[in-house]
Amino acid sequence: MPTGIAAKDSNQKLGLLALVAIVVSSMIGSGVDGLPQNMSASSAVGSVAIAWLICGFGMYFISRTFIILSDIRPDLQAGIYMYAQEGFGTFCAFIVVWGYWLMTIFSNVAFGIMVMDTLNYFIPGGFSGGNNIPSIIGISILIWGFNFLVLSGTRLAGAVNIIGTLAKLIPLVIFVFVLVYFLNVNELTSNIWANNPLFPKEYLGSVFSQIKSPLDVALWCFIGVEGAVALSGRVKNKKDVGRATLIGFIISLIICILISILPFGVLTQKELSVIATPSTAGILKIVVGEWGERLINIGVLISVLTSWLAWTMICAEIPMVAAQNSAFPEKFAKRNHQGAASVSLWVSSALMQLVVLMVYFSSNAWIAMLSISALTVLPVYLLSTAYLCKLCINGEYNNYARNGRISALISGVIGLLFCLFMFYASEPKYLAMVPMLLTLGLPLFFWARIHEGGMKNIFKGNEMKIFLSLIALDAFTEFLFMNGTIKL
């Protein structure tokens, strides 16, 4: 690396506050203001609470996995990719980093949809649905605006993110206090499971089906808990990675639970299920009037734009680090004079632009982006927890830490089982898209491998078996779509 870039890079390090802000900002994004409607769409308050307990329980152990791995393997910078690399080889690592990169791209487009949908409040009819022509233009402008901001350096983007994170928490705190003040305990507890014989029209099906329904929304809200790990190559103190992960997780979990549960104490499930996005604004309008709706909508804009910035930073970092370790083509490793991942960022922004153009033809763009993002991140969590389990089982853990192996194994096993459960609980049409989306990235893998060792060294060890398994999944998925078993 040239001396000038190295000097710039050393000044772009992130401290604990910046890392916590990135974790919170990544998790508390566009999803939090849609939680009341999204979680109550087909679930009663009791089922919503259990869904949060399940997802919170599972994600706690996934966050613990990242904390443990960042503590015992601080040498693995941008661990989102490196844990899979160390544990299962370069091909698995590529699948992880490609899936995670796709997730950041889809998430950023989801942020854009929410921004435009919120602007429709201030300019009625102008940005309806978040995917009309004015919305596409607006999202495109923001994509390239964030592109140039992150190109100016991680430290500047991190400082802007800290300010934005603090600003966006204010409307959410006001929302919570207002709902606590107007809370009707009888309303909250009158039909907890939607099976009270006194309210037959409110029956929503079995409790299990009600619990499954909002799980993908809850998972999407937790995406970003690994944000500090993803930027571990940019931190001042490696120990801050684990601290920021835990602090950010706790803050975000408390906020999400309160915003999901408290609305049931002021409105019925049926009323909540039809409130337009962002539903926190619609609720405050009903409870306190126009000023509440206006406050939340302003907060949503700040919240989403801040999360968008955080994810743009992560989106650029992941392919760059992968390229430094030969899983991505080496061109992605290039940095500009500010130390920013320039090529990676330009390509990421271009792919976002492509997805935005596709969103124009989607009937329910927001839910589609949310569901796909939640599923493409699961391979990251799955292989990270599997790597921790592997370290503990084969005894390699003891090479990095003197104690805590049993506790680490428990965290890894529970996190692994939670990932498998989330695959099971996901909507089939979006789950079926995952192997095909992962396959789309294979040309990049072939490019990197051919450049490194030629055509004969594309697959190493058991990688050919994994590749063929992925192709078989694609064929099976295509069969399910063609015979109508799964419909988009």
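Colleague: Is Ala 194 buried or exposed?
Modeller: Ala 194 is found in the loop between helix H9 (185-189) and helix H10 (207-212), where helices are DSSP runs of H or I with at least four residues, numbered from the N terminus. Buried means under 20% relative accessible area, exposed over 50% and partly exposed in between, with a 1.4 Å probe and protein chains only. Because its relative accessibility is 3%, Ala 194 counts as buried.

Colleague: Before we go on, what should I know about the model itself?
Modeller: It is a predicted model, so local features need pLDDT of at least 70 and side-chain atom pairs count only at pLDDT 80 or more, while totals for chains, interfaces and linings use all residues. Residues are numbered from 1 along each chain as its sequence is written, and side-chain values use heavy atoms, with hydrogens and water left out.

Colleague: Thanks! What is the phi of Ala 194?
Modeller: Ala 194 is not a glycine, yet its phi is positive. The value is about 55 degrees.

Colleague: And how exposed is Asn 184?
Modeller: Asn 184 sits in the loop between helix H8 (154-181) and H9. Its C-alpha atom is separated by 8.7 Å from that of Phe 264, 80 residues apart along the chain. With 36% relative accessibility, Asn 184 therefore counts as partly exposed.

Colleague: How are H6 and H17 oriented to each other?
Modeller: The axes of H6 and helix H17 (residues 342-359) come within 9 Å and cross at roughly 55 degrees; axes are lines fitted to C-alpha atoms, for helices over the stretch in contact, with angles from 0 to 180 degrees between N-to-C directions. Angles under 35 degrees count as roughly parallel, over 145 as roughly antiparallel, 65 to 115 as roughly perpendicular and the rest as oblique. H6 and H17 are therefore oblique.

Colleague: Which residues of H4 make the contact with H13?
Modeller: Helix H4 (residues 45-72) and helix H13 (residues 239-261) pack at about 175 degrees with their axes 10 Å apart, which makes them roughly antiparallel. Contact means heavy atoms within 4.5 Å. On the H13 side, the residues include Phe 249, Leu 253 and Cys 256. On the H4 side, they are Val 45, Val 48, Ala 49, Trp 52, Gly 56, Met 59, Tyr 60, Ser 63, Ile 67 and Ser 70.

Colleague: What is the relative accessibility of Met 27?
Modeller: Met 27 has its place in helix H2 (residues 16-27). Leaving aside neighbours within four places in sequence, Met 27 is in contact with residues including Phe 222, Val 225 and Phe 249. Met 27 counts as buried because its relative accessibility is 3%.

Colleague: Last one: what is the relative accessibility of Thr 376?
Modeller: Thr 376 is found in helix H18 (residues 365-376). Not counting residues up to four places away in sequence, Thr 376 touches Gly 99, Tyr 100, Met 103 and Leu 437. Thr 376 counts as buried, with a relative accessibility of 0%.

Terms used. Helix = DSSP H or I, 4+ residues; strand = E, 2+ residues; numbered from the N terminus.
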